Amino acid sequence: MPAIEVSGLVKDYGTVRAVDGVSFAVEEGEIFGLLGPNGAGKTTTMEILEGLRRPTAGRIQVAGFDVVRQPNEVKRRIGVQLQATALFDLLTVRETIALYAQFVPNPRPVDEVLKELALEEKASTYAKDLSGGQKQRLSIAIALVNDPQIVFLDEPTTGLDPQARRNLWDTIRALKRQGKTVVLSTHYMDEAQELCDRLIVIDHGRVIAEGSPKELIRRHFEASIVQFRLDEPLDAQRAAELGALLGQDGPVSGPEVSAQVEDVPGVLARLFTWAAAAGVTVSELAVRTASLEDLFLKLTGRSLRE
Ligand code: ATP
């Protein structure tokens, strides 16, 4: 039995359709991602799975229970980290966890949770004096106090510096090692690629792709990506020549150029010969495999960061 089954989920806010017929299943023990730009409907979807919002339509089962008809059964089995958990400034880390432990039937020992989130040294620190990464770890600690089977993390690393993000990734992987199912929303492609066993890409309330990061990239890209920078703008003739050389339909517009290429050595050789003859300087040349970022661009015509 899947940990989560969502079928035909719709959510309207007045006349705005925030979620438009989303279906997916999450297997037990996997890290499952909801990936999409701001406003795609990730938070709304998560909050419906958590029983915090009512769906307009659709059937949603979490841990084998219907979220609308059996919300208490669901709540007992899930842990929720909200996008912005309100922490009490003048409670210490230990007091905060102990406070939330009072709200659940069989709380875990506070010390155990502190240790798991590497917060022992901060146990006596006020919430207001924690770093961004430590605050996020505390909000995950709160979500783990009832020893949930399924953990929901809504954009857990937004606003963190790179080191704190990596630390949090380790924390999330550790949840998986304990056999927990993790559902994670993010608008960071690299995060989804690093962490998720499987994911859905959501745009405008709809699922536009589903699979493991590797599968998704393999399905949509047979080629590598060649990218480089043009130091000077090209005239129309050169732009057309370069477009043809890279196998594109039209002329190239700079200064950043990126092309899907199957015969990488052949294209690079022709590129260097052409650039030398045309007096064009090519810099910052890189060849890489396609990423989820390229996938999103291909599927939507937009970059996730726009
Ligand atoms: P973000 O990454 O910014 O959190 P998201 O993918 O989580 O984005 P949602 O927060 O689910 O997206 O929002 C989806 C759409 O629904 C947006 O257009 C948003 O403006 C709208 N929306 C969300 N909450 C409400 C609400 N309470 N009332 C009205 N509209 C809402």
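Me: Which residues come nearest to the ligand?
Reply: Gly39, Lys42, Thr43, Thr44 and Glu155 come nearest, out of 12 residues around the ligand; a residue is near if one of its heavy atoms lies within 4 Å.

Me: And how do the residues of that shell divide?
Reply: The shell around the ligand has 4 nonpolar, 6 polar and 2 charged residues. H1 gives the largest share, 3 residues.

Me: What lies 2.6 Å from an oxygen atom of the ligand?
Reply: That is a polar side-chain atom of Thr43. Ala40 has a polar backbone atom 3.0 Å from a ligand oxygen, and for an N or O atom in the side chain of Asn38 the distance is 3.1 Å. Taken alone, the ligand exposes 630 Å², and the protein buries 62% of that.

Me: Switching to Glu47, where does it lie?
Reply: Glu47 lies in helix H1, residues 42-49; helices are DSSP runs (H or I) of at least four residues, numbered from the N terminus.

Me: Does Glu47 count as buried or exposed, and why?
Reply: Glu47 counts as buried because its relative accessibility is 17% (buried is under 20%, exposed over 50%, partly exposed in between, with a 1.4 Å probe and protein chains only).

Me: What separates the centres of domain 1 and domain 2?
Reply: Taken over C-alpha atoms, 42 Å. The domain assignment gives 4-218 for domain 1 and 222-289 for domain 2.

Me: What about numbering and cut-offs?
Reply: Residues are numbered from 1 along each chain as its sequence is written, and side-chain values use heavy atoms, leaving out hydrogens and water. In this predicted model, local features need pLDDT of at least 70 and side-chain atom pairs count only at pLDDT 80 or more, while totals for chains, interfaces and linings use all residues.

Technical notes
Helix = DSSP H or I, 4+ residues; strand = E, 2+ residues; numbered from the N terminus. Domains from an automatic or database assignment. Polar contact = N/O pair within 3.5 Å; in protein donor to acceptor, adjacent residues only side chain to side chain. Areas by Shrake-Rupley, 256 points an atom, 1.4 Å probe, with all protein chains shown as cover. Nonpolar A, V, L, I, M, F, W, Y, C, P; charged D, E, K, R; others polar.
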